[in-house]
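Here is a short briefing to read with the model open beside you. Could you take a look at the fold as a whole before turning to the topics below?

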Amino acid sequence: MRTLVSLILSGISFTSLTQEDQNFPPPDQTKQEEVVEASKLQWTIVRPSNLTNGELTTNYKHGFYNDADIKSKISQVDVSHFMLSQLDTEVYLHQKVGVSY
């Protein structure tokens, strides 16, 4: 399965592809989401809260709703951990998911 896991931040875009010759990411967040959603790839868009330089905890929340008790921060390495975990699952396939502590 070809999988795209895309991290979308306001003003900054990082994309990890497992498929060759893709012209990602587009320069703005909205356009990036539109391109990812319109693609024929298996994709998940990851939307983290404020990124920190903290350590890996693997103790974060994901897929929460607006009323969830969350902190508005997460370490870069925990976001990376979550993104890598999405390569082997279809839980959030074709969805946008928030991650935070």
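A residue is called buried under 20% relative accessible area, exposed over 50%, and partly exposed in between, using a 1.4 Å probe and counting protein chains only. This is a predicted model, in which local features need pLDDT of at least 70 and side-chain atom pairs count only at pLDDT 80 or more, while totals for chains, interfaces and linings use all residues. Residues are numbered from 1 along each chain as its sequence is written, and side-chain values use heavy atoms, with hydrogens and water left out.

**Overall layout**
- The chain holds 2 helices and 7 strands; both kinds of element are DSSP runs numbered from the N terminus, with helices (H or I) needing at least four residues and strands (E) at least two.
- Starting at the N terminus, the order of elements is β-β-α-β-β-β-β-α-β.
- Of the 101 residues in the chain, 35% are buried.
- A contact means heavy atoms within 4.5 Å. Of the contacts between residues at least 6 apart in sequence, 60% link residues at least 24 apart.

- pLDDT is the predictor's confidence in each residue, from 0 to 100. The chain averages 79, and 74% of its residues score at least 70.
- Confidence is highest in helix H2, at a mean of 95, and lowest in strand E2 (residues 12-17), at 44.
- Please take care with residues 11-21, where pLDDT stays under 50 and the model has 27 contacts beyond four places in sequence.
- Where pLDDT is low, the predicted coordinates should not be read in detail.

- In H1 (residues 29-38), the buried residues include Gln32, Glu33 and Val36. Viewed down the axis of H1, its buried residues fall within an arc of 95°, so they line one face of the helix; the arc is that of the directions from the helix axis to the C-beta atoms.
- Thr30 and Ala38, on the other side of H1, are exposed.
- H2 (residues 76-85) has Asp78, Val79, Phe82 and Met83 as its buried residues. These fall within an arc of 140° as seen down the axis of H2, so they too line one face of the helix.
- An α-helix has 3.6 residues a turn, so residues three or four places apart point the same way.

**Strand E3 and its surroundings**
- Strand E3 (residues 42-48) is largely enclosed by the rest of the structure, because 5 of its 7 residues are buried.
- E3 pairs with strand E7 (residues 95-100) in the parallel sense over 5 bridges; pairing requires at least two DSSP bridges between the strands.
- Pro48 stands opposite Val99 in E7.
- Thr44 lies in E3 and is buried, at a relative accessible area of 3%.
- The Thr44 side chain reaches the backbone oxygen of Tyr92 at 3.2 Å.
- Leaving aside neighbours within four places in sequence, Thr44 has contacts that include Leu4, Val5, Tyr92 and Val97.

**Two loop residues**
- Gln86, in the loop between H2 and E7, counts as buried at 6% relative accessibility.
- Not counting residues up to four places away in sequence, Gln86 touches Thr3, Val5 and Tyr92.
- Asp69 sits in the loop between strands E5 (61-62) and E6 (73-75) and is exposed, with a relative accessible area of 67%.
- The C-alpha atoms of Asp69 and Ser100 are separated by 10.0 Å, although these residues are 31 apart along the chain.

Technical notes. A polar contact is a pair of N or O atoms within 3.5 Å; within protein, one must be able to donate a hydrogen and the other to accept it, and residues adjacent in sequence count only if both atoms are side-chain atoms.
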